[in-house]
Amino acid sequence: MAVSVSQHAPASPAPERGEKVMRFVRQNRIEVAITVIFAILYAIFLIGAPEVYTQFGIYRSFMSTMPYIGVMALAATFVVTLGEVDLSFPSVMGVSAWVFGASFVATGSYPLAVVLALAVGAACGLLNGLLIARVGVPSIVATIGTMFFWRGFVNVLAEGRGMALVDLRGSAWHSVLVGRLPGGIPMQFVWFILLALLFMAIYRRHVFGSHVLFVGDNEESAHMMGIKVMRVKVICFTLLGLMSGLAAIFLVSEVTYFWPTTGDGFLLPALAAVFIGGTPVFGGRGSMYGTVIGVLIIGSLEAGVVAMGIEGFYTQLIYGLLITIAVTVYAVIMRRK
Amino acid sequence: MNQNTSQQTPIVELRDIHKSFGRVHVLRGVDMEVGRGEIVALVGDNGAGKSTLIKVITGVHKPSGGSLLINGEAVDLQSVQDARRRGIETVYQERALADQQALWRNIFAGRELTNWLGFMNIREQKREADRLLRTRMGFTSRAITVDSEVQGLSGGEKQGIAIARALHFEAELIILDEPTMGLSLKETDKVLDFARGIRDAGKSVILIDHNILHVHAVADRFVVLDRGRVAGSFRKEQLSRDQLIEMMVELHHTGQLHVA
Ligand SMILES: Nc1ncnc2c1ncn2[C@@H]1O[C@H](COP(=O)(O)OP(=O)(O)O)[C@@H](O)[C@H]1O
Ligand SMILES: [Mg+2]
């Protein structure tokens, strides 16, 4: 292994097909594992409650509720890949939901309400990012602070009251965002799938995704290589804020009602989707595809468990079991390589 | 890179460089130059100012006084990236690579080949990385490919990848700060071979290494730094290994440099 500057570069030996498949599995072992877990879970559902799972109705219901945690889990995957965490995004979703509702009531303009909700969500995320990347507050501490602050803020703004927004239904924007396609497929699910494809491409093929992986892996080496570490972090948190705004828009548009508690209860399912999907808390690696499957699993779990005739409060137990199994499988396959 | 670069113009020239941190005067008027295709070893006791000096050259620290010339042109480096754009690259042992990422990502980190939307040309990056591994590094086994993660490599291989990467991006001067620290004997030999390879490719090296044997084995010239000043500069022909060692010991004890 000496340095030589010979001109002729022998090309890599072309691998055979079987070897190619093995290499693909080895390089994508997280993705393969999560797909298998998903298949097994659905096999259990289909055997346990065939009358429910062979009906399209249940999938329509999954597709309408899944995108709320889904879009946030996509952005949270970047934050977790940095080796950071954000606990405040459900509260940011609450703030955006209030801004969305209040600005629609005040102006009657759907697009203006959408833009304001997104802008406020992004601004809250930006604040997190600046606190963490610039000021240097550890992300778990910073976002505990902003989690309480924004939830309190919404309660103060809304004076603890809800807001009826039935007029949202009349707008064409409503149909575009959360309307139904033929067959009853909810538009928010279409948006979620489109965003999921975009996020997957960014995660593995875009320079931004590569930089997130580097910063999460080794901040100092990322800096030495000329990657703007601070900017990468700020963008990740801002993106999660933006997606929380989008989740708020979807949810409030779907139910045409605002509650001051909007977003509560989404923290753990969204993070669970990320962890089930194979993105570890240590940073520097992960899988956006895994998160998407994780969202499909988390999103169909509760209804699935209920449909199988098991009582609803077993859901948590099953969540816990699944997460534990998934992270154990990952720990094992990442250890022996 | 530059129009007026001739064989004679040194790549880097330092004139009366000073550097203070508050009241601590670390560099006290350093004059030094590095020519093309030579390995210059920077030697001196701990705290002599070696690391500070190379940080001035690589844009980490701004000098408090004096001037820095790159390819004969006086420059005021703003950042590490600025120095890199001018062909000066530092290879740090532990900080150079990200362990969990594939080699092809590491080789192109911060300098990805992208389209206008910022999506990477992964095929091209992998092809280039593969060529780099095979020609510069001589990795021909199937065990190490562009998709291998860095964490599977030995210390010497990591060092080699970092050096190959710097060469690939047309570095004119590669600075190796303690490149053999923590490496086995065999690995150390490989790294020293890499240093020779850089010179053979017509580029230059500044080498800092505590081990005088390593230094003497590869360097063309030794610059002795003592408490922020250049105490002496010697060509390899002027000084045998034993004389160099003796000189360093004496400098350490008496603070005086006696040339045998
Ligand atoms: N950022 C800094 N602030 C204050 N003093 C420094 C700084 N960097 C280096 N020094 C001091 O400068 C002196 C030379 O350090 P250094 O350049 O690391 O020496 P060497 O690499 O030769 O061992 C030491 O006394 C060190 O304490
Ligand atoms: Mg040093």
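**Exercise 1. In β9(B), which residue is the bridge partner of B:Ala41?**

Some ground rules before we dig in. This is a predicted model, where local features need pLDDT of at least 70 and side-chain atom pairs count only at pLDDT 80 or more, while totals for chains, interfaces and linings use all residues. Residues are numbered from 1 along each chain as its sequence is written, chains are lettered from A and ligands numbered from 1 in the order in which they are written, and side-chain values use heavy atoms, with hydrogens and water left out.

Step 1: find the strands, which are DSSP runs (E, at least two residues) numbered from the N terminus. β3 of chain B covers residues 39-43, and β9 of chain B covers residues 221-226.

Step 2: check the pairing, which takes at least two DSSP bridges between two strands. β3(B) and β9(B) have four and run parallel.

Step 3: read off the partner of B:Ala41, namely B:Phe222.

**Exercise 2. Work out which way the side chains of β9(B) point, and whether they are buried or exposed.**

Step 1: recall that side chains in a regular strand alternate between the two faces of the sheet.

Step 2: sort them. B:Arg221, B:Val223 and B:Leu225 go one way, with B:Phe222, B:Val224 and B:Asp226 going the other.

Step 3: all of these are buried (under 20% relative accessible area with a 1.4 Å probe, protein chains only; exposed is over 50%, partly exposed in between).

**Exercise 3. How many bridges join β9(B) to β10 of chain B?**

Step 1: β10(B) spans residues 229-235, and six bridges tie it to β9(B), antiparallel.

Step 2: one opposite pair is B:Arg221 and B:Arg235.

Step 3: look at the turn. The two strands form a hairpin with two residues between them, and B:Arg227 there has a positive phi of about 45 degrees.
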